[in-house]
Amino acid sequence: MHFITNALVFALAALPFVTPTPIPKYVARHRSRSAKLSALNLVDGEVKPNSYIIKMKPCNATQAAAHKEWASGIISKSSVSNATGPTVYLTDAFWGYAAEVDDDSLAEIMQSDMVDWVEEDSLVHAFGTQNNAPWGLSRLSQVAPVQVASQDDVTALEFTYNFPDTAGEGVDVYVVDTGVLTTHNEFDNGRAEFVFAAGNLPQVDDQGHGSHCAGTIAGQTFGVAKKANIKAVKVLAGDGSGSTSDIIDGISFVIQAAAQSGRPSIISMSLGGPAQRTLDQAVTQAVSSGVHAVVAAGNESQDSNNVSPARVSTAITVGASTITDTVASFSNFGTPVDIFAPGQDIISVGIKSNDDTNVLSGTSMATPHVAGLVALLLGANPNQTPAEVALALTTDGLGGVLRGPRRISNTGTTNLLAQNESA
């Protein structure tokens, strides 16, 4: 139940036309550990220079405040030009903070008895590539494969989709991505709203990835759960990338918002990066709090055990299939993958206008299909736990119908295609 791309700064959120504080450049290699940083968790991917996520040990508010004041003093003396005091964040998803510091300052912080572990802040990417075609909804609601006379027919909106009348009504789906074009006509009656943007990111989707995912989840034409609410949580910039710390900040927001609303809530994350303990823990904490997490397996044709948050066992990790019921060539595989869903040539919301459409491919496109199915289940049974919903998905899924590369069958990857109860 997990997913991400080849760098730990998450990519997806779109940058606005008004340029915010520049995002620091990421480096594709990590440095070797120095003796004084021997306990540092290195990330095997792109990292944010001189930026770290510090996990604190359990403590009370007074102890946390004292540590923050102490750490701020150390960080303020750091030689890193952008060094600032620690940003304490994610008290619900992750007890710790992010900081930009030099090696000497980091080594001093790591010696504190209050620090559990420290990990590099990294880059994560969205999954999706341009193409043409609409067919995924139909495949979710029929046992037989989708039939088309030619590849040209794949883009026609002429397929049949059956779904329950509840259609995800009363369910909130938090799309942690590049943002959402909330004014798009697919989100009728104000069902989509912008609720959070990390750091200096603007509340706008100028990249398109998040809007496309939201349309597949709950769009009037393209959506699986046509009455669900979309909550835009922007953690990725216009180039589709973002830092792990910003993503964790977004997850923390979702945990708090879901608790305050009391409504069944889903977090949909079509993003990922190299394996990272901090991100995994934040997603795990979200599920523990009752939020249903659906994440992408990743698009590198590799074992998803190497990807965060795809490898999180309590999340629902989604691989991508094609219109011919073949595992997509780009889809990650492995034991973390819980289910497959349509992910190639998927038509959904575009961002050029309020009636624009776009066709994308990726496990990013498969993930919102399953997030929509989770919304359907919760619309009918709002008190179901994440574990109960995961079981329902596997019970309703079609087993043994997928064809794919040999590595799929030889790696313990599930052969399960997502279906709704109307199939």
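**Packing, cavities and backbone features of the predicted model**

Leaving aside neighbours within four places in sequence, K55 is in contact (heavy atoms within 4.5 Å) with F94, W95, G96, M114, V115, D116, W117 and Q281. K55 lies in strand β1, residues 47-56. Strands (E, at least two residues) and helices (H or I, at least four) are DSSP runs, numbered from the N terminus. The relative accessible area of K55 is 7%, so K55 is buried. Buried means under 20% relative accessible area, exposed over 50%, and partly exposed in between, with a 1.4 Å probe and protein chains only.

The model is predicted: local features need pLDDT of at least 70, side-chain atom pairs count only at pLDDT 80 or more, and totals for chains, interfaces and linings use all residues. Residues are numbered from 1 along each chain as its sequence is written, and side-chain values use heavy atoms, with hydrogens and water left out.

Helix α4 (residues 209-218) is largely enclosed by the rest of the structure, because 10 of its 10 residues are buried. Among them are H209, H212 and C213. A228 lies in the loop between α4 and β8 (229-234). A228 is buried, with a relative accessible area of 0%. Not counting residues up to four places away in sequence, A228 touches A167, G168, E169, V171, V173, R191, A218 and A375. The C-alpha atoms of A228 and V171 are separated by 5.2 Å, although the two residues are 57 residues apart along the chain.

Two helix pairs were examined. The axes of α5 (residues 244-261) and α6 (residues 277-288) come within 10 Å and cross at roughly 10°. Axes are lines fitted to C-alpha atoms, for helices over the stretch in contact, and angles run from 0 to 180 degrees between N-to-C directions. The crossing therefore makes α5 roughly parallel to α6. Angles under 35 degrees count as roughly parallel, over 145 as roughly antiparallel, 65 to 115 as roughly perpendicular and the rest as oblique. On α5 the contact is made by T244, I247, I248, I251 and I255, and on α6 by T278, L279, A282, V283, Q285 and A286. This contact has eight nonpolar, three polar and no charged residues. Ala, Val, Leu, Ile, Met, Phe, Trp, Tyr, Cys and Pro count as nonpolar, Asp, Glu, Lys and Arg as charged, and the others, Gly among them, as polar.

The axes of α7 and α8 lie 10 Å apart, at an angle of about 110°. This makes α7 roughly perpendicular to α8. V370, L373, V374, L377 and L378 of α7 meet V389, A392, L393 and D396 of α8. Eight of these contact residues are nonpolar, none is polar and one is charged.

The count comes to two cavities of 30 Å³ or more. A cavity is a set of points, on a 1 Å grid over the protein atoms alone, where a 1.4 Å probe fits but cannot get out; lining residues have an atom within 4 Å of a point. Grid points are joined across faces, edges and corners, and a volume is the space filled by probe spheres set on the points. The largest cavity holds about 70 Å³. Its lining consists of P164, L373, L376, L377, L393, D396, Q419, N420 and E421. Helix α7 (363-380) and helix α8 (386-396) each give two or more residues to this lining.

Most residues other than glycine have a negative phi, and most peptide bonds are trans. A cis peptide bond joins S308 and P309, with omega about 5°. Phi of A167 is positive, near 50°. S301 also has a positive phi, of about 55°.

Notes
On a 1 Å grid over the protein atoms alone, a cavity is a set of points where a 1.4 Å probe fits but cannot get out, and a pocket is an open set with protein on both sides within 12 Å along at least five of seven lines; lining residues have an atom within 4 Å of a point.
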